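Subject: Structure handover

Hello,

Below is the structure I said I would pass on. My notes on it follow.

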Amino acid sequence: MIHHDFVNVVLMRLPPLNAVRAFEAVCRHGSILKAAEELNVVRGAVRQQIDTLENHFGRKLFLRDGRRLVPTLQASAFAAAASAAFDILQRAASELEGVVPGRIRLGVPSAFAVWWLMPRVADMQACLGDTVDIVPMTVVEPLQMHPELDAVIMGGEYRPAAGITALRFMEDEFGPVATPSLAATLSSDPAAMGALTILVSRNVPKLWDEWFAESGTPPVVFSRAQEFEDLLLALAAARSGLGIALAPRASIEDDLQRGHLVAPYGFICRPSGYSLCCRTPDAKRPAFAALASWLLRCGTPA
């Protein structure tokens, strides 16, 4: 009897599910309007659910940053847990109904997809069959922000959120790259790069700063800078001889082997790498285990 009373008290403290769903959608979109569009309800209904949740917890859950709603620190942690819980419930419901997705929608950084994954896609299909849909991502965001995806490949220092399993399958190096003809104009002193055009990607704007800091190279003043929307375009510009770009080695390994690009100052190891991230319940499924094994095999240096 005591046990049942305790369970009842705990359950009574849980907030309304519809309010949590509306709150989680607003956190992802930063907008009541976009959350309402996703949930197929009017804005007033979403506002009412947020009011209900704030009354339940007795505190404000959002701050306003211009036109965007930003969850407080505590609310952000609750949103991450709620998102993971909804994913678990959705997949458990699918399993109960006997509906198990047969394909994996895999979000991949655009440059990584074009220069590392696509040259190996035939081997991937030979090993895994036609089970993986590759979705290029110009801006790589955590899996919890993309319910339409089953997994993502994350680069850099990534810490998985609640309910997300991350498998680091490959180390990485990075360094400046250019065509052989441009590299031939450089001396052994990295300051010589200043005579070239620096090619910068807007989606990783601090990549050059990180290389200077991690390599111990004094920052270089470049004669000219040109920005591109993503790393894929910046590396394509480097390949065409437009200037010098900072590249993760994994993204341009084939170009290095063919001699299209060279690294005049070599590469340095990064304190990060690439990880396959999926929802924790999915990690145990055969299709995900097979994908993880393939990535580990291909990502391990021979």
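In which loop is asparagine 40 found? Asparagine 40 sits in the loop between H3 and helix H4, the latter covering residues 43–57. Please keep in mind throughout that this is a predicted model.

For background, most residues other than glycine have a negative phi. Asparagine 40 counts as exposed, because its relative accessibility is 69% and the cut-off for exposed is over 50%.

Is alanine 36 buried or exposed? Alanine 36 counts as buried because its relative accessibility is 2%, and the limit for buried is under 20%. Leaving aside residues up to four places away in sequence, alanine 36 touches Val41, Val42, Arg43 and Val46. Valine 26 is ten residues from alanine 36 along the chain, and their C-alpha atoms are separated by 8.4 Å.

Overall picture

The protein has 302 residues, and 43% of them are buried. Its secondary structure consists of twelve helices and ten strands. The C-alpha trace spans about 80 × 50 × 35 Å along the principal axes. The accessible surface is about 16300 Å², with 57% of it belonging to carbon and sulfur atoms. Of the contacts between residues at least 6 apart in sequence, 75% join residues at least 24 apart. As for charge, there are 28 positive and 31 negative side chains, and the centres of these two sets are 4 Å apart.

H6 and H11

Helix H6 covers residues 110–117 and helix H11 covers residues 249–258; their axes come within 7 Å and cross at roughly 35 degrees. The crossing of H6 and H11 is left-handed. Which residues meet there? On the H6 side they are Ala111, Phe112, Trp115 and Trp116, and on the H11 side Ala250, Ser251, Ile252, Asp254 and Asp255. The H11 residues Ala250, Ser251, Ile252, Asp254, Asp255 and Leu256 are buried. In general, an α-helix has 3.6 residues a turn, so residues three or four places apart point the same way.

Glutamine 257 also lies in H11. Glutamine 257 is exposed because its relative accessible area is 61%. Between glutamine 257 and asparagine 18 there are 55 Å in space, C-alpha to C-alpha, and the two are 239 residues apart in sequence. After H11 comes glycine 259, with a positive phi near 80 degrees.

Two further loops

Leucine 143 is in the loop between strand S4 (132–137) and strand S5 (151–156). Why does leucine 143 count as buried? Its relative accessible area is 0%, so leucine 143 is buried. Not counting residues up to four places away in sequence, leucine 143 touches Leu149, Asp150, Ala151, Val152, Ile164, Cys277, Cys278 and Arg279. The C-alpha atoms of leucine 143 and isoleucine 153, ten residues apart along the chain, are 9.0 Å from each other.

Threonine 185 is in the loop between helix H8 (180–183) and strand S7 (197–201). Threonine 185 is exposed, because its relative accessible area is 55%. Leucine 196 lies eleven residues from threonine 185 in sequence, and the C-alpha to C-alpha separation of the two is 9.4 Å.

Those are my notes.

Regards

Note on methods
Residues are numbered from 1 along each chain as its sequence is written. This is a predicted model: local features need pLDDT of at least 70, side-chain atom pairs count only at pLDDT 80 or more; totals for chains, interfaces and linings use all residues. Side-chain values use heavy atoms; hydrogens and water are left out. Helices (H or I, at least four residues) and strands (E, at least two) are DSSP runs, numbered from the N terminus. Buried means under 20% relative accessible area, exposed over 50%, partly exposed in between (1.4 Å probe, protein chains only). Contact means heavy atoms within 4.5 Å. Accessible areas come from the Shrake-Rupley method with a 1.4 Å probe; for residues, only the protein chains shown count as cover. Lys and Arg count as positive and Asp and Glu as negative; His and the chain ends are not counted. The place of a charge is taken as NZ of Lys, CZ of Arg, CG of Asp or CD of Glu. Axes are lines fitted to C-alpha atoms, for helices over the stretch in contact, and angles run from 0 to 180 degrees between N-to-C directions. A crossing is left-handed if the near helix is turned anticlockwise from the far one by less than a right angle, and right-handed if clockwise.
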